Structures are given as C-alpha cells and as structure tokens.
Amino acid sequence: PAKTQEAVQRQSALEQARRGVSNHEPTPGGFVEDLGPGGLQVRCILGFNSGPPMEPSAYNNNLQLFQTPDTVVLFAEMNHNARIVPLNGEAHVEDSVRQWTGDSRGRWDGDTLVVDTTNFTDSPSLGQASRNLHVVERFTRIDADTLLYSFTVDDSTVWEAPWSGEYVWPSTDAKAYE
C-alpha cells in the first residue's frame with residue numbers, strides 16, 4: 001500500500017543509516033532502540049509470523065486457539081508466542097506498558113472472533129509500522145477443517161489508507177515445533 005511522505009522519508013533515512021549492515025544487525029549506534037529489521041526474530045523475541053497481523057512464512061506456521069469463558073489465547077508456533085485476548089469488554093490499556101504485539105481485546109460477532117489490537121511499541125512486529133498501529137483481525141470457521149483469517153491494518157503515520165488481507169488456515173494434526 002502507498003506510504004505517507006513522512007514514512008517514505010523515514011525509510012530513506014533508515015536505509016541510508018543501514019547501508020552495508022545486514023538484516024541481522026542493529027543500526028549502527030542503535031542497539032538499544034533499534035534491533036534492526038530482523039531483530040525481533042533473530043533475537044527470538046517474536047516469531048516472524050507472530051503478528052498481529054499474522055503473516056504466513058516458510059515454516060512454523062501452526063496456530064492453536066484456546067478459549068475459556070472470558071479469554072482466547074492465540075498460540076503461534078514460531079517462538080511459542082502466546083497472545084492472550086480478553087473477551088470481557090474491557091477497554092484497551094492505553095499507554096501503560098506498550099508491547100510488540102500490542103494490547104488485544106476480543107469480541108464475538110456472530111460466529112466470528114474479532115480481535116482489536118492497539119498500544120504497540122515503537123517497533124511492532126509488523127515491519128515499518130509505528131506505535132500508532134491499529135490492527136483488527138477476524139477469525140471465522142468456514143467448515144470443520146478450515147479457518148478464514150482476515151485483517152485490516154491502519155497506521156496513518158505510515159500508510160495513506162488502511163489496508164487488508166486474508167487467507168485460509170487449514171486444520172492440521174501436526175505438533176507445534178520450534
């Protein structure tokens with residue numbers, strides 16, 4: 001999707017600062033604040049598909065969903081990231097402790113689980129996004145063996161308009177490895 005002029009300028013400045021530096025290294029002088037483009041994954045803080053949004057990749061794409069009466073847990077196989085999503089109607093915890101995977105809140109819309117996530121750190125798991133990132137995910141069972149996953153990403157400081165994607169997640173009996 002098209003980026004804002006400010007985001008293009010930030011990206012250009014970052015590319016200039018990172019010239020000659022691999023994706024697995026922090027930007028020179030930025031180890032504490034900038035782990036580099038692959039930093040969260042290389043340092044096993046988050047898997048490359050932990051989300052939100054959760055994006056399929058080359059391996060370790062299994063997701064397991066657990067539900068209690070007031071909580072859903074989204075357990076991603078890569079790095080065993082578990083995102084705990086309250087279903088109790090509480091508002092987002094704004095600006096208290098920002099997280100790479102944000103602050104998620106869920107609700108049911110008929111048979112669809114809707115997960116709304118805000119309150120990200122300055123380096124969320126979605127590359128180039130900012131702390132203003134807002135992601136809405138929808139999990140809908142298509143049939144007994146298939147889940148439709150759709151998401152909308154909104155970060156007006158990075159993209160000119162919200163953008164969306166979706167894909168199907170087939171059921172599997174495979175074990176979660178990492």
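1. Let's start with a hairpin: β1 and β2 have two residues between them. Strands here are DSSP runs of E with at least two residues, helices are runs of H or I with at least four, and both are numbered from the N terminus. Two strands pair if DSSP finds at least two bridges between them. Six bridges join β1 to β2, and the two strands run antiparallel. One spot to look at is Gln64, which stands opposite Phe75 in β2.

2. A word on what you're looking at. This is a predicted model, with local features needing pLDDT of at least 70 and side-chain atom pairs counting only at pLDDT 80 or more, while totals for chains, interfaces and linings use all residues. Residues are numbered from 1 along each chain as its sequence is written, and side-chain values use heavy atoms, with hydrogens and water left out.

3. The overall layout: two helices and eight strands make up the list of elements. Along the sequence, the pattern reads α-α-β-β-β-β-β-β-β-β. The protein has 178 residues, and 39% of them count as buried (under 20% relative accessible area; exposed is over 50%, partly exposed is in between, with a 1.4 Å probe and protein chains only).

4. Now the sheet with three strands. It is open, has the order β1-β2-β3 and pairs in antiparallel fashion.

5. Thr71 stands opposite Pro86 in β3, and Leu74 has Arg83 of β3 as its bridge partner. The β2–β3 hairpin has four residues between its strands, and there Asn79 takes a positive phi near 65 degrees. Most residues other than glycine have a negative phi.

6. The other sheet is open too, with five strands in the order β4-β5-β6-β7-β8 and antiparallel pairing. At its edges stand β4 (103–109) and β8, each with a single partner strand, so one side of each is left without a neighbour in the sheet. Its neighbouring strands are turned by 20 degrees against each other on average, direction ignored. Eight bridges join β7 to β8, which run antiparallel, and in β8 the bridge partner of Leu148 is Val168.

7. The loop between β5 (112–118) and β6 (134–143) deserves a look, with Ser130 lying in it. Ser130 is buried, at a relative accessible area of 15%. Its side chain makes a polar contact with the side chain of Thr157, at 2.9 Å (a pair of N or O atoms within 3.5 Å; within protein, one must be able to donate a hydrogen and the other to accept it, and residues adjacent in sequence count only if both atoms are side-chain atoms).

8. Two other residues sit in the β5–β6 loop. Thr121 is found there and counts as buried at 15% relative accessibility. Thr121 and Asn132 are 11 residues apart along the chain, and their C-alpha atoms are separated by 8.7 Å. Asn119 lies in this loop as well, is buried with a relative accessible area of 2%, and has a positive phi near 65 degrees.

9. On to the aromatics. One cluster takes in Phe139, Tyr149, Phe151, Trp159, Trp163, Tyr167 and Trp169. Rings of Phe, Tyr and Trp (its six-membered ring) pair if their centres lie within 6.5 Å; planes under 30 degrees apart count as stacked, over 60 as edge-to-face and the rest as tilted. By this rule there are seven aromatic pairs.

10. Last, the second largest pocket. Its space comes to about 640 Å³. It is lined by 25 residues, with Leu63, Gln64, Leu65, Arg141 and Leu147 nearest its centre. β1, β2, β6, β7 (146–154) and β8 (163–170) are the elements giving two or more residues to the lining, and the largest share, four residues, comes from β1. For the terms: on a 1 Å grid over the protein atoms alone, a cavity is a set of points where a 1.4 Å probe fits but cannot get out, a pocket is an open set with protein on both sides within 12 Å along at least five of seven lines, and lining residues have an atom within 4 Å of a point. Grid points are joined across faces, edges and corners, and a volume is the space filled by probe spheres set on the points.

Definitions and conventions. Axes are lines fitted to C-alpha atoms, for helices over the stretch in contact, and angles run from 0 to 180 degrees between N-to-C directions.
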